[in-house]
Amino acid sequence: PPEGSLSRLEERVREADGLLIFDCVQTGCGRFGKGKWWGFEGHGAVPDMVTVGKPLGGGVAVSALAVRASTLDAFEATGVVYFN
């Protein structure tokens, strides 16, 4: 992405009291290159949730949702404790 675009996106999401979710199925687990684990690293944004999939299973269909502890706490406070 263009330099600064993800950090500007994060600012707008935070202003709107939203959740910043990045889909790293293609770019996660080091597949982005440049010595980074996630595709968004080095772009100045920290998401609340990250989806990851393909490289986790080594050919087996596996996926995951990584979530910040503060985000989980906020969901738990509303009674939502299960993601599917």
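In this predicted model, the side chain of Glu-10 reaches the backbone nitrogen of Val-46 at a distance of 3.3 Å. Glu-10 itself belongs to helix H1, which spans residues 5-15. Once its neighbours within four places in sequence are set aside, Glu-10 is in contact with Leu-20, Gly-44, Ala-45 and Val-46. Its relative accessibility is 14%, and because buried means under 20%, Glu-10 counts as buried.

Side chains of opposite charge can pair when their charged atoms come close. Glu-10 forms a salt bridge with Arg-14, and the closest N and O atoms of the two are 3.3 Å apart. Both residues lie in helix H1, separated by 4 residues, or about one turn of the helix. Whereas Glu-10 is buried, Arg-14 is partly exposed, with a relative accessible area of 32%.

Arg-14 forms a salt bridge with Asp-48, where the closest N and O atoms are 2.6 Å apart. This pair links distant parts of the chain, for Arg-14 is in helix H1 and Asp-48 is in the loop between S1 and S2, 34 residues apart. Asp-48 has a relative accessibility of 6% and therefore counts as buried.

Asp-48 has a further partner. The side chains of Arg-68 and Asp-48 meet in a salt bridge, with 3.6 Å from N to O. Here too the pair links distant parts of the chain: Arg-68 is in the loop between S3 and helix H2 (69-77), and Asp-48, 20 residues apart from it, is in the loop between S1 and S2. Arg-68 is partly exposed, at 35% relative accessible area. Through shared partners, the salt bridges join Glu-10, Arg-14, Asp-48 and Arg-68 into one network. The count of salt bridges in the model comes to 3.

The strands named above remain to be described. They form an open sheet of 3 strands in the order S1-S2-S3, with mixed pairing. Strand S1 (21-23) and strand S3 (64-67) are the edge strands, each of which pairs on one side only. On average, neighbouring strands of this sheet are turned by 20° against each other, direction ignored. S1 and strand S2 (residues 49-52) run parallel and are joined by 3 bridges. Asp-23, for instance, has Thr-51 in S2 as its bridge partner.

Conventions: Residues are numbered from 1 along each chain as its sequence is written. This is a predicted model: local features need pLDDT of at least 70, side-chain atom pairs count only at pLDDT 80 or more; totals for chains, interfaces and linings use all residues. Side-chain values use heavy atoms; hydrogens and water are left out. Two strands pair if DSSP finds at least two bridges between them. Helices (H or I, at least four residues) and strands (E, at least two) are DSSP runs, numbered from the N terminus. Axes are lines fitted to C-alpha atoms, for helices over the stretch in contact, and angles run from 0 to 180 degrees between N-to-C directions. Buried means under 20% relative accessible area, exposed over 50%, partly exposed in between (1.4 Å probe, protein chains only). A polar contact is a pair of N or O atoms within 3.5 Å; within protein, one must be able to donate a hydrogen and the other to accept it, and residues adjacent in sequence count only if both atoms are side-chain atoms. Contact means heavy atoms within 4.5 Å. A salt bridge is a side-chain nitrogen of Lys or Arg within 4 Å of a carboxyl oxygen of Asp or Glu.
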